[in-house]
Amino acid sequence: MIEESLLNMISIKQIQNFIVLAETLHFAKAAAKLNISQATLSTEIKRLEDELGFNLFDRSNKWEIKKTVAGETYYNCVKNIPTDIQ
């Protein structure tokens, strides 16, 4: 379970970026959907991973990213946050 204090450090924008990438599994498509550059998305995801202390995505194949087990678990924990806030 993700600690509440850790969630307080993470912005809704980071969560939204993660959700879009987790659903598309494609940096360019996710960045286009978010109206940001691919480099910005990559930096934001890396920052989120650093804050969480674990990798959310397996990038070993540059042509195909996958959610890690931790990434899948995190996705299931946060996927409803943007709609819950609205």
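Is Phe57 buried or exposed, and what is its relative accessible area? Phe57 is buried, at a relative accessible area of 2%. Here buried means under 20% relative accessible area, exposed over 50% and partly exposed in between, with a 1.4 Å probe and protein chains only.

A quick note on the model: it is predicted, so to speak of local features takes pLDDT of at least 70 and side-chain atom pairs count only at pLDDT 80 or more, while totals for chains, interfaces and linings use all residues. Residues are numbered from 1 along each chain as its sequence is written, and side-chain values use heavy atoms, leaving out hydrogens and water.

View A. Strands S1 (residues 57-61) and S2 (residues 64-67) run antiparallel and are joined by three bridges. Strands are DSSP runs of E, at least two residues, and helices are runs of H or I, at least four, numbered from the N terminus; two strands pair if DSSP finds at least two bridges between them. Look for Asp58, which stands opposite Lys66 in S2.

**View B. Phe18 meets Phe57.** The whole structure holds three aromatic pairs. In one of them, Phe18 and Phe57 are tilted, 5.6 Å centre to centre with 50 degrees between the planes. Phe18 sits in helix H2 (residues 12-24) and Phe57 in strand S1, so the pair ties together parts 39 residues apart in sequence. Phe18 is buried too, at 0% relative accessibility. Rings of Phe, Tyr and Trp (its six-membered ring) pair if their centres lie within 6.5 Å; planes under 30 degrees apart are stacked, over 60 edge-to-face, the rest tilted.

View C. Phe18, Phe57, Tyr74 and Tyr75 are linked into a cluster by ring pairs. Lys67 lies over the face of Tyr75, 5.3 Å from the ring centre; this takes NZ of Lys or CZ of Arg within 6 Å of the centre and within 35 degrees of the ring normal.
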